[in-house]
Each structure stands twice: as structure tokens, then as C-alpha cells.
Amino acid sequence: MQTPTMKTPVSKCIELATYAIRMFGKFPTNVVLTSLAAEMTSAQANLGTTQQDYTVAVEEVLPARVDVKYENLMADRRIRLTQQKAEMADGKKNGRIMGMVFPDGSTPIMRLQGASQIQAMSDLEGRLESAAGLWTEAMSEKADTTKQRESYAAALKYRSDIAQKVRDKRAKRNAAKDAFITKYVEITSRVAAEFPRDGIMQDLFFDEVRAQSALAESDEEGEAEALGGENPGERASG
């Protein structure tokens, strides 16, 4: 009989457990099989829970990425606006205020992303404060830049926290999967001991590991009908 490995998809592991549990249930008077059904159910539930927790964490990654992308755009716009105001205050390009606030222009700052741009914005705030004696709007521009920098930094931290959460949930899921596989192998051995030299009964309780899941087959059949009979498996592999 086949047993799952760490390379076996979690969905398949859960399906294998469902198959075995239902087949065990066909023999309600066999105390050993009833006990094995309970143990398989527990292992399946633990794996399913950790997989769901991992899936939920992964679903939070996209919104976090969107937030960072947006804040990066807003930071670039804030920097550009400050540059434009500095040029207006100078009354020309490359004036005294621009030379003090943007000695290298704004482009090098806007080319940056993430932590490096956060640092560059912090440095910009320092230069704006130093220009307060020369430019009346310098401190208000500093306040707006600080607000945007903090918003950007918060989005970056959230994305980082979510990434760590995903890694943590994946580790827990993998541990649960390892425990499930260990239990599955143990149960197959106990079934073999319950039905010694009876290959038919030993194989009865366990589905093929490498066979495509019934759910996947159903999905592909439906997709094939929608596509007019095209085999989605062949289409996807092409």
C-alpha cells in the first residue's frame, strides 16, 4: 500500500484520511478499526486546521503588498510636491532653497523603495528643518513629509509582519503534516497486523496516494465541458 510523504499535497493527505475513515466506518463492530478511525480523524483535523490557518495568513499578503505599493506612490508624490514648492520659493530652478533641501535633486530619493526611501525621507526632513530660517514653509513641509514617511513605514512593517506570520504558520502546518504522515504510516502497519497475510483487506482501507484527487478530476471534467471538450491538463502543461 502507498503512504503519503512531505511532497504529497495537503489536500491529498486530507482526502486519503477521509477515504480511510469512511472505510473504517464500514466495520463498526471491529474495535481496532474504530480506534484507528478516531486516530485518523484527529490527525486529519489537526492538519486541516493548520492548513487553514496558513491559507488565511497567505491571503493577507496581497493587501499588504497593495498598501506598500500605494504608500510608495504617495511618498514619491509628497517628495515631488515639496520640490515644486521649494522651486517656487526660489523663483527659479537650482536656487538656494533647492540647493539646501534637495542638493542632488528629488529623483535619487524617488528611485528608492522600502527602507532605503524611508531613510532618505528622514534625511530630507532634517534638511527641511535646517532650511526653516530661509524658507517659511519648510517646517510645514517637514510635517507633511514626516506624516507620509510614518504611513509608509507602517505599511512596510505590516507587510514584514505578515511575511513572518506566513512563515510561522507554514512551519506549524509542516509540523502537523509530518505528524499526520507518521500517524498514517502507523495506522497502515496496525491494519496489516489486524489482517495478516490478507493483502485485499490491508489495501481496502487506503486510497492510492499518487492518484489524482476526485475533486481535481471533477473540476477538470467541468472545465473540459466549458471549453468544448479540451483537456485542461494537456492545455496547462503545454
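Predicted model: local features only at pLDDT ≥ 70, side-chain atom pairs only at ≥ 80, totals over all residues.
1. Surface first. Of the 238 residues, 34% are buried.

2. Overall fold. There are ten helices and zero strands, so the pattern along the sequence is simply α-α-α-α-α-α-α-α-α-α. If you take contacts between residues at least 6 apart in sequence, 71% of them join residues at least 24 apart.

3. Helix 6, geometry. Helix 6 covers residues 115-130, which is 16 residues. At 1.5 Å a residue it should span 22 Å, and the C-alpha atoms at its ends are 23 Å apart, which agrees. The expected figure takes 1.5 Å times one less than the number of residues.

4. Helix 6, packing. Which residues of helix 6 are buried? They are Gln-117, Ile-118, Ala-120, Met-121, Leu-124, Glu-125 and Leu-128. Looking down the helix axis, these buried residues fall within an arc of 160°, so they line one face of helix 6. An α-helix has 3.6 residues a turn, so residues three or four places apart point the same way. As for partners, the buried residues of helix 6 pack against helix 3 (61-90), helix 4 (96-101), helix 5 (107-110) and helix 7 (138-194).

5. Asp-76. This residue sits in helix 3. With a relative accessibility of 16%, Asp-76 counts as buried, because the cut-off for that label is under 20%. Setting aside neighbours within four places in sequence, Asp-76 is in contact with Met-110 and Gln-117; Gln-117 is one of the buried residues of helix 6. There is also a C-alpha separation of 9.1 Å between Asp-76 and Thr-107, which are 31 residues apart along the chain.

6. Gln-148. Here we are in helix 7. Is Gln-148 buried or exposed? Buried, with a relative accessible area of 14%. Beyond its neighbours within four places in sequence, Gln-148 is in contact with Glu-71, Met-74, Ala-75, Arg-78 and Met-121. Met-121 is another name from the buried list of helix 6.

7. Aromatic pairs. Searching the whole structure turns up six aromatic pairs. Take Phe-27 and Phe-205: their ring centres are 5.5 Å apart and their planes meet at 55°, so the pair is tilted. The pair ties together distant parts of the chain, 178 residues apart. Phe-27 belongs to the loop between helix 1 (10-24) and helix 2 (31-59), while Phe-205 belongs to the loop between helix 8 (199-204) and helix 9 (214-226). On the tilted label, planes under 30 degrees apart would count as stacked and over 60 as edge-to-face, so 55° falls in the remaining class.

8. The two rings and their cover. Phe-27 is partly exposed, at 28% relative accessible area. Phe-205, on the other hand, is buried, with 0% relative accessibility. Both are members of one aromatic cluster, made up of Phe-24, Phe-27, Phe-180, Tyr-184, Phe-195, Phe-205 and Phe-206.

9. A charge over a ring. Arg-173 lies over the face of Tyr-54, 4.7 Å from the centre of the ring.

10. Val-185. This one is in helix 7 and is partly exposed, at 34% relative accessible area. What is the C-alpha separation of Val-185 and Pro-4? The answer is 8.3 Å, for residues 181 apart along the chain.

11. Positive phi, Asn-94. Phi of Asn-94 is near 60°, a positive value in a residue other than glycine. Asn-94 is in the loop between helix 3 and helix 4, and is exposed at 72% relative accessible area.

12. Positive phi, Arg-197. Arg-197 isn't a glycine either, and has a positive phi of about 60°. Its place is the loop between helix 7 and helix 8, where Arg-197 counts as exposed with 81% relative accessibility.

Key: Residues numbered from 1 in each chain as written. Heavy atoms only, no water. Phe/Tyr/Trp six-rings, centres within 6.5 Å; stacked < 30°, edge-to-face > 60°. Helix = DSSP H or I, 4+ residues; strand = E, 2+ residues; numbered from the N terminus. Buried < 20%, exposed > 50% of the residue type's maximum accessible area, 1.4 Å probe, protein only. Lys NZ or Arg CZ within 6 Å of the ring centre and 35° of its normal. Arc of directions from axis to C-beta. Contact = heavy atoms within 4.5 Å.
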